[in-house]
Amino acid sequence: MRRVVYLVIGAALFAGTAASAHHSYAATYDVSNEIKLDGKLVQFVYRNPHSFVHVQAPDSTGAQQRWAVEWAGTGQLAEAGVQRDTLKVGDGVVIVGRPSRVRGEYRALMVRLTRPADGFTWGGRAGQVVD
Amino acid sequence: MDNGFFRIGGRLLLAAAAICISIPALFAQGGPARTLIPPDIAGEWRLENSEDDTTAQPPLGDYTGIPFNEAGRLRSDTTAESIWGTPEYQCRPHSAPHQWRGLGGARILKEQDPLTRDVKAYHIQFMRSLDRPVFMDGRPHPPAWAPHTWTGFSTGEWVGNTLKITTTHLKDGYLKRGGPQTSDMYAMTEFLTRHGDVLSIITVIDDPLYLDEPYVHSTTYAYDPTASVAHEVCNSSAFAENGGTNRHWVPHFLPGENNARVEWLKDENWFPPEAALGGVKSVYPEYRTTLNGSAKVDTLRVPSSKSGFAIDKRIADQSPRDGQVHVLPVQGNIYMLVADGTNVAVSVGTEGVAVVNTASAQMSDKLLAAINQLANATVTPPAANNCFGATCAGTWGWSSPYINSVIASPAPAKPIRYIFNTSAAPEHVGGNEKLATSGFFPRGGGFGAAVANVGRGAAIVAHENVLNRMASPGPKQTAPPASAQPTDTYFDELHKLPNYFNGEAVVVYHAPAANTDGDSLVFFRRSEVIAAGNVFSTVSYPVIDVEKGGTIQGVIDGLNKIIDLAVPEYRAQGGTWVIPSRGRVSDTADVASYRNMVTMMRDRIQDLKGKGMTVAQVKAARPTLDFDGRYGATTGPWTTDMFVEAVYRTLQERK
């Protein structure tokens, strides 16, 4: 069974501020922690100011949940080659993100997305940090 | 003395300097005479990030320089930033205190009178905003029962070369991004001064519910004709941001749960944690003496200023207990009549009048007079003649439309056809008899005249539990006469009028186990207005009559039902209007704000009860502290203690 893996990251905190976000990243997400979501993509909301990826993946108890993972805006994603049809419903994806600060909220901030089927990845390279 | 001391000292001095600059202007009486030609502030303006934390959010939990009181601090600590990802808030603009500080620049437009070329209004636009008019034509601010908006209602006047903008009717929001909250009752005063190509904006936020004195910040813009304010669109879906499958999810923290608020202090360990809590004394230079131990905060005296208005009066004015009936047009066919503080929704049209609730018996005569006056003025208004001669098309008249318009009297408006009772509460059914017997519902058709009482009186529609309670009110209570009791009851989850009324569908939804077991919501579908009854109030905690089947969860479900039915017009504002039992006309975001508050109270009391606390211990813990100034009461028919106890009891019974 796929599990959410909570990884406590002691250093390399996400220090940037959400200059263009309509909410505060640091206030919304626990930027000192990471979670790993291993599941299937159920929706790709490609939009501004930020896109969202919805993934059906298990929580820490193993129960399937619908997670909303906040991603970059369309401009920043386009620069990295991500288009509206880059991700498709049903794609198996592995996402590393910052969890919500609110207990029980199935929400995260995108750090890295990987699609094992073809090796597509986003995150970890220059310009591939949600800002 | 280390660098840290100088750094906090500097921050405190900056805050104090801002206050010293602006407060005299805020409270100045008069000021320099207006120049003949005030400076032109119209154009494109570029934000200069010269002030502290102009665009970036402060660290979570950093309330330095904010004159928070205990309630403001608790509200901020327990409000989760992701509340802004909920469907009702996703498309909102920045809160008014932060609008000038949001990215994207500002555009100021002039609206001129074509005849005099006077500036009637300035219109201010930001990247994520609604158009914000600042009226310069001397109009008064709306009554307290008028809606609140994200940008509020603004009027301006020139004081010398400074444009002073006064804003009221604002929704709740935040002082800065990332935590510090406002109530929905604050006033905002801005001072715009142009110095060449620089525009200085001093903003004074006066929120006595959460601040012990007005909070002041400044923002600077540079004139830039090459700039153009960007436009941020919003096309959010219900689950776009917060995840999960509960569209009514209310993210929040329990008191003491939000450890994130002190995270930043781990990295800024030079900073005194107590100063980060804010408070009126901490914004004055004298506060520094408490940091080196030479003075105590409790005994420290500072020259703090007071709020410019009485907050209790401002809240009460939404629901004036003045023995009068006030009329506010809402939308489409619907008007809100405030009858001695209790709201009555009235549909007026060519088919007659429908009223939702009838206020108290003492107000019946004035209410009926107001309804008749409104109906006659709306449906059969005097009209000037626009045609001369006997061939003019028109209604059948005396001799010709011309003569008819001069000497004929217009027909009276149709009578009250329907009365809807959203509950059996005396303040909602007290006028039933008077209003119903003044009305007429054509039940008899061609046969009615032969049967007594058929076709007499307006139909009274209610959930059947309302009739049950009115017909059998209990020991030592007298049932109202039959003419005051519901004639058309329903027992299902909803009830539709069988035909359009005044050109629209009217649907009544049951709100089970809310304030009682008989609550209804009445939805006028074309006018886009919902009369919410006792499920929603903007002046008190929800009344939960446990003995009559009320529960806290039923109230929350009822509020969520309203939210499900309602649709905002644009940017989380307007659209479907909601008339509460008492208080101001509201929209989806206002109902969501109230729902959020009620949900937070439920969860807090549930948490305390789950720890084994008795109801007395829960009351003593003051779980409602941050909302008591807004919705609480220590006297009267519905006190904060009664609310807490009702929540406690109904949670217990749900176990």
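Strand β8 (residues 198–206) of chain B pairs with β9(B) in the antiparallel sense over eight bridges. Here helices (H or I, at least four residues) and strands (E, at least two) are DSSP runs, numbered from the N terminus. Two strands count as paired if DSSP finds at least two bridges between them. In β9(B), B:Tyr215 is the bridge partner of B:Ile205. The model is predicted: local features need pLDDT of at least 70, side-chain atom pairs count only at pLDDT 80 or more, and totals for chains, interfaces and linings use all residues. Residues are numbered from 1 along each chain as its sequence is written, while chains are lettered from A and ligands numbered from 1 in the order in which they are written.

The β8–β9 pair belongs to a barrel of chain B. Nine strands close into this barrel, in the order β1-β2-β3-β4-β5-β6-β7-β8-β9, with mixed pairing. From one strand to the next, the twist averages 30°. Angles run from 0 to 180 degrees between N-to-C directions, and axes are lines fitted to C-alpha atoms, for helices over the stretch in contact. On the other pairing of β8(B), strand β7 (residues 187–195) of chain B runs antiparallel to β8(B) over nine bridges. B:Asp206 in β8(B) stands opposite B:Ala187.

Strand β1 (residues 43–48) of chain B is joined to β9 (residues 215–223) of chain B by four bridges, and the two run antiparallel. B:Ala222 in β9(B) faces B:Arg46 as its opposite residue. B:Trp45 has B:Tyr223 as its bridge partner in β9(B). In β2(B), the bridge partner of B:Trp45 is B:Ala106. Strand β2 (residues 106–112) of chain B is antiparallel to β1(B), with three bridges between them.

A second sheet of chain B is open. Its five strands have the order β17-β18-β19-β20-β21, and the pairing is mixed. β17 (494–496) and β21 (577–580) of chain B stand at the edges; each has a single partner strand, so one side of each is left without a neighbour in the sheet. The twist from one strand to the next averages 20°. Three bridges link β17(B) in the antiparallel sense to strand β18 (residues 506–511) of chain B. B:Lys496 stands opposite B:Val507 in β18(B).

Helix α13 (residues 552–565) of chain B has 14 residues. From its first C-alpha to its last, α13(B) reaches 20 Å, close to the 20 Å expected at 1.5 Å a residue. The expected span is 1.5 Å times one less than the number of residues. Buried residues of α13(B) include B:Ile552, B:Val555, B:Ile556, B:Leu559, B:Lys561 and B:Ile563. A residue is buried if 20 or more other C-beta atoms, placed from the backbone, lie within 10 Å of its own, exposed if 12 or fewer, and partly exposed in between.

Chain A has two helices and seven strands. Along the sequence, the pattern of chain A is β-α-β-β-β-α-β-β-β. Of its 131 residues, 42% count as buried. Among contacts in chain A between residues at least 6 apart in sequence, 57% join residues at least 24 apart. Two residues are in contact if their C-beta atoms, placed from the backbone, lie within 7 Å.

Between the chains, 24 residues of chain A are in contact with 27 residues of chain B. On the chain A side, α1 (25–28) and β4 (64–70) are the elements that give two or more residues. The largest share, four residues, comes from β4(A). This side divides into ten nonpolar, nine polar and five charged residues. Ala, Val, Leu, Ile, Met, Phe, Trp, Tyr, Cys and Pro count as nonpolar, Asp, Glu, Lys and Arg as charged, and the others, Gly among them, as polar.
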